[in-house]
Amino acid sequence: MKKHFPTIIVCVMLFILLCSCSVKSENTETILYRKGLELIRRMDMMGESEE
């Protein structure tokens, strides 16, 4: 058991890291769409600015 303990720990850590990377609350396309609209809004404001 002592020989396999580090391997088991590494596998558990990898499993936790890989499972925590998913976005479940909102669709990725929706997030990108909103960020794109925000960027366009900022560029429009900069274009209208006198500076």
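**Notebook: a patch and a salt-bridge network**

I began with the surface, where Ile8, Val12, Phe15 and Ile16 make a nonpolar patch of about 380 Å². For my own reference, patches are made of residues with over 30% relative accessible area and no salt bridge, joining like charges within 9 Å and nonpolar side chains (Val, Leu, Ile, Met, Phe, Trp, Tyr) within 5 Å. The areas come from the Shrake-Rupley method with a 1.4 Å probe, and for residues only the protein chains shown count as cover.

I noted that this is a predicted model, in which local features need pLDDT of at least 70 and side-chain atom pairs count only at pLDDT 80 or more, while totals for chains, interfaces and linings use all residues. Residues are numbered from 1 along each chain as its sequence is written, and side-chain values use heavy atoms, leaving out hydrogens and water.

Next I looked up Val12, which sits in helix H1 (residues 5-19). Its relative accessible area is 43%, so Val12 is partly exposed (buried is under 20%, exposed over 50%, partly exposed in between, with a 1.4 Å probe and protein chains only).

Then I checked the whole chain. I found 2 helices and 0 strands; both are DSSP runs numbered from the N terminus, helices (H or I) of at least four residues and strands (E) of at least two. Of the 51 residues, 0% count as buried. The accessible surface comes to about 5,400 Å², and 67% of that belongs to carbon and sulfur atoms.

How many salt bridges does the structure hold? I found 2, a salt bridge being a side-chain nitrogen of Lys or Arg within 4 Å of a carboxyl oxygen of Asp or Glu.

- Arg41 pairs with Glu38, with the closest N and O atoms 2.6 Å apart. Both lie in helix H2 (residues 28-48), 3 residues apart, about one turn of the helix.
- Arg42 also bridges to Glu38, with 3.3 Å between the closest N and O atoms. These two are 4 residues apart in helix H2, so about one helical turn separates them.

Together, Glu38, Arg41 and Arg42 are linked in a network of salt bridges. Last, I compared their accessibility: Arg42 is exposed at 51%, Arg41 is partly exposed at 41%, and Glu38 is partly exposed at 30%.
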